[in-house]
Amino acid sequence: MATGTSTTSSTESAGTGGATAASGESDDKPPLEGSVKLYITSYTDDFFAEREFFRREILPNLKSWCEAKHLALSERYVKWGSIYPDRREASTQEKIQTSIENCYHHNNMPIFLNFTSEGVGWVPMWGECPDEYVEEFIQAYGLLPEDIQVMSGAYREDNHNSLFLIRSDVILDKIPDLEKKYFLQRTSASDKIKQNGDMVTQKFPPARLIKYNCKYMGLDARKHAKLAFQDSLGPTILDFCKQRILFDFCGEQPQSFNKQDNQVSLEHETFKTQKAACVIGREDIIKKIEEYIFNGDKDVPLMLLGDPGLGKSSVMCKVAEQLTQRAKNGQLKRSDGRSWHVFYHFVGAIPGSTIVEPLLKRLLRSMDFITDSNIPKDVNAAAQQVCSMLSNPNTQPLIVMVDAINQFSEDQASKIMSWVPRKLSPFVRIIFSSVSGCTQHVTLMKRETKPIELQITPLDMNTRKAIVANMLTKYGKKLSNGQLDRLLAHPSSENPLWLTIACEQLCQYRSGNATADRINSLPEGVQNLLEEVLKRFESDSGGLLLVATLCLLEASAAGLDESELRRLLADEDQLMPPGAFDEKDEKETSEKETKSSSTVLSEAKWSRVFKTLQPYIRPYGDSCLGRMDIYHRTVSNAVRQRYFQKKVAVVDENIEEEEDVPTAADWWHKKLADFFEEQSHEHMDRYVEEYPHQLMCLEDKTRLAAALCDWRVFDVLYNEEYSSYLLIFWRKVGSASDMISNYESALTVFEEDENVNEEAVSIRYEKVCRVVIQAGKYHEALELLKTALKIEEKELGARAHRMVELYALMAEIYDEKLKLNDFVSPSQLPDLRKTIHYGRKSIAIRRTLPGAYHRSKLGMSLMKLAFNMESWQACGGGPELSQADALAEGNKYIDKAIKIFQELNDDGHYAEALMTKGVLAPRGCMEQLKLYNDAMDLAMQMYGEYHILTSRLYINIGIVYEDNNNYNKAYEYFKKWARVSEEILGPDHPKTLRAKGVLRESRYKSIARRLGEAVDDVNEEEDNEEGDAEEDAEAVDIEHYDDQVGPSSNQRLIMENSLIQENGEMSTVNSDPALIHGLGSSDDIEVNGYYDEDEDQDSESGSDRENSDNENFYDDNFEDYDEQYMIYSDTGALVNLSNVNVLQTSDDEDDDEIIQMAARENARGPDVDNRYASDSHESSGTESDGDDTTNQPNASNQRQARHN
């Protein structure tokens, strides 16, 4: 842990000077090109250690880094409140306020690091809660009126450069009562502010909230607290500052910031180092793994296989430790001079490590493969991005080590291997460890390109002797030669886990005869030995404390810390379920809800428990601090098998039905649920982590629904991109309709609370709306959003930073509704009209808001609107906007978007924009092909071939050749489309099946036979039946909100509505002659889309093979080019929408036309009557606008360029 204390100024100067010298800057420094303003806010009479920690550990490095970027960093410490407010000067705060306002005025977003405590949290602003609450808070914490004005600048929602650092109040439990007065603590005033939820979690996303723990080290001479901080705190703060500076000042797309990555990586490193230090022998296995990494090119993973307890994790830790040490010493390089990057993950090693999604996202972030604009929404999207990265030849040399893949959560087992490509990049190595025959092992072995299998061998005799000697030395014990021989004569001594547990058992005996008897009686097999260990615990004095500790850890969601365990174990009369060991009536008294006179297990008893169980639980070593969990899955299985399968009460043998009798597992889950329910007001993070999980295990739907409607829980589980855990819990409660009904009732109660202001109500409605969108219920989401919009317009002055997001979200909902249609039809014009209407309004406001964030969002919104314009043209246009005008307007939008992405160096969105412009181009022309090829070059460079954008470009290029009657070339690209789709989506994904369906069309089967290639001769009727069944399955899944894609899947906003053909007129650019090589002649285009020449025969199969938007619910959502127009609700300056010139700083003459378009739309309103009511397939075609399009086939009969 890093220590932060009030030290002398010489320490700070030395640190700063050292950092500057290390930067290597000469006296002849180039002039600085920008100024970064950094403000550190905290309570005046506390957080001395934090401020000093920042000065010593973070500031020197950050300043040196800024200088290397030719930026000047200036920091300012902003203090609010005081025990002695009369000693403070208002003029100081006024100067700080002026400085902050100048930053905002000049569009120079300042960075804020806001330190506060868990109990106090938010400094309330006037109007956020009743005035009397604010006045009481001011009085309780000694604030000046100017403090609130200054903090309003720090707490602005539209500034994405603010980070909240919240110190856990757990530290107060370790501080003597007389010294607690030196810490910022909760009072009745702060409790009133937080009674309707914590304002920080309500207003700001979880990624910008860091809750940190620290250790109290006493007071210094000036009565300032001395604290030791987590090692990950400094790097996390430094990373946040760097990412925001890169984005706002350097025009770079920064790596996605995640507050937990540093802590998680540190915990894995600790596990690796500690376990590697205990490895004895295994040189032969380690050598074979190194040969796989360094000798020759390998394009498949290596799997280290073996039975439980054979030491697979130890070997993985040892290899990872050796590799990281070589990397630190600069010795881990390829022959071409490039360094290997080493990434490791030990499943089950730390809380949360058994979930696949965080692993994949951490891997992507570690390789700088994702930014804040393309964070994958869920495990499927993350898996596809990782698959693309690991197969991309341009990926940096990478070694990935994942231990115990068979221990991933069971509900993820069928998904987790999709992230492993069938062919690895030449510069990627993957090493897995697993038991043989698990789901993951079988899945990989079914592939044509099978992984390399490496069986871990049993211990040799010398290694076994060394392990025994090492274990017994720790306890000061030694075996005679005869005893050692008898111990090692056990066949199970080949297993390191069995041998380790056996040594632990032998250390309990002092006499030689007892030791010899125990050696002889040791059972074979790890599971049998653990069974005996548990029996011994039960028979020992105080043994129930040991058993209860193991059971509580096994029942917990993510382990328990010492303080939690000591409180749970305090009532020793109710340690175990009734009837666990005997059937006496006395045991039934444990069902009574009596309270023990002791609230915490004594220190002496806890020390004995920890010492006895230390070999079986984490953490390792002598420390009793930190989260604990069961050490090995084999131990976990033994505990569950012995204690969790029994009934909690004696059952009458004459009673046949026992279904209602709960198992012991239920008893433990209920114990934890009741415990954390009582802790909800003290430790909200742990409450959210454990309480819903326990209720889910109990299948207590009523309490679970109530917990999920607790706004404190909602704010923690809510995610703007995709609220995965929230939706998983609701799935256990019931349907999406049940979720919506519960939230509507909760919103009504919230709205009626007289202590809640209008802004809080509006934000609540918006967040629930986003969750409902993620559940795929667009009509209900629309009603919720209308309420939020009405409150903002009528009660809050239509603030620009809120209206821009609400308008974008409204456009998103109507766009999602459009995606439920299989075909483009004029009947969709009403929803499309509203999509365009609200998209224009959002863009008009977005253009006025400062910062690179809004610039990026503007580009993505323009790109989406460009596609909406093409859809408008495909629907036949309307009286207010003709088909030709829609295409012209769409091209202006996409040109502007392209320019923005080029300015921001955002190649991912730039590639997507090029493809979108290609879709807008006249169908089959040279311009279209050139744009697709340019986009393909970028996509290949950034992502490699196995990426969803690449697959879409393959089909679009294939369509261009098909439109020009070059079917051989089209076949080539359709094959690539099918191959890439199968690789990244799997063989059974609807889009993969659709791609293969195209290859089964008669024309392409003939080409395949002519080329001597295998043909999939599936019966046409079976194709149609498959398609219908797939559509039915997709339609059903619409109701299953846990499988839906949410508002973060914004790639689909651009990419998935490509249901149209291009009929508008547009002049073509000069094309490279190479592009037209091989294109077909000008013969009449034969109808050959997803529909056969005989439309009557194939109309049913058409939606299966083309443009079925129900597939969106299976969408991979590759966020590398996600839009995210409306994800954030805390953006933008406070601008009166009715009095703003939306593009007054225009640098593009097209902006004036965009303003005029938005103004026309605002004046006209979205609710224009729809004059095209027909939704028949025949009417989905567009009318010809000119001579150049008169020979175009009907849209319903032609394969369409795709975005999905």
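Biologist: Which residues in H39 do the H38 residues meet in this predicted model?

Modeller: Start from H38, where the residues in contact (heavy atoms within 4.5 Å) are Ile948, Ser951, Tyr954, Ile955, Ile957, Gly958, Ile959, Tyr961 and Glu962. Helices here are DSSP runs of H or I with at least four residues, strands are E runs of at least two, and both are numbered from the N terminus. The partners in H39 are Tyr967, Lys969, Ala970, Tyr973, Phe974, Lys976, Trp977, Val980, Ser981, Ile984 and Leu985.

Biologist: Before we go on, what pLDDT must side-chain atom pairs have to count?

Modeller: Residues are numbered from 1 along each chain as its sequence is written, and side-chain values use heavy atoms, leaving out hydrogens and water. Because this is a predicted model, totals for chains, interfaces and linings use all residues, local features need pLDDT of at least 70, and side-chain atom pairs count only at pLDDT 80 or more.

Biologist: How do H38 and H39 run relative to each other, roughly parallel or roughly antiparallel?

Modeller: The axes of H38 (residues 948-963) and H39 (residues 967-985) come within 8 Å and cross at roughly 160°. Axes are lines fitted to C-alpha atoms, for helices over the stretch in contact, with angles from 0 to 180 degrees between N-to-C directions. Under 35 degrees counts as roughly parallel, over 145 as roughly antiparallel, 65 to 115 as roughly perpendicular and the rest as oblique. The crossing therefore makes H38 and H39 roughly antiparallel.

Biologist: Which residues of H26 are buried, and what arc do they fall within?

Modeller: Buried means under 20% relative accessible area, exposed over 50%, and partly exposed in between (1.4 Å probe, protein chains only). In H26 (residues 701-708), the buried ones are Leu704, Ala705, Ala707 and Leu708. They line one face of the helix, because, by the directions from the helix axis to the C-beta atoms, they fall within an arc of 160°.

Biologist: Which helices do those buried residues of H26 pack against?

Modeller: That buried face belongs to Leu704, Ala705, Ala707 and Leu708. Their packing partners are H25 (684-698), H27 (711-717), H28 (724-733) and H29 (736-752).

Biologist: Which residue in E5 stands opposite Phe115?

Modeller: On the E2 side, four bridges join E2 to E4, and Ile40 stands opposite Leu113. E4 and E5 (residues 162-167) pair in the parallel sense over six bridges. Opposite Phe115 stands Leu165.

Biologist: In the other open sheet, E10-E11-E12-E9-E13, what is the average twist from one strand to the next?

Modeller: Its five strands pair in parallel. E10 (341-346) and E13 (452-455) are the edge strands, each pairing on one side only. From one strand to the next, the twist averages 15°.

Terms used. Two strands pair if DSSP finds at least two bridges between them.
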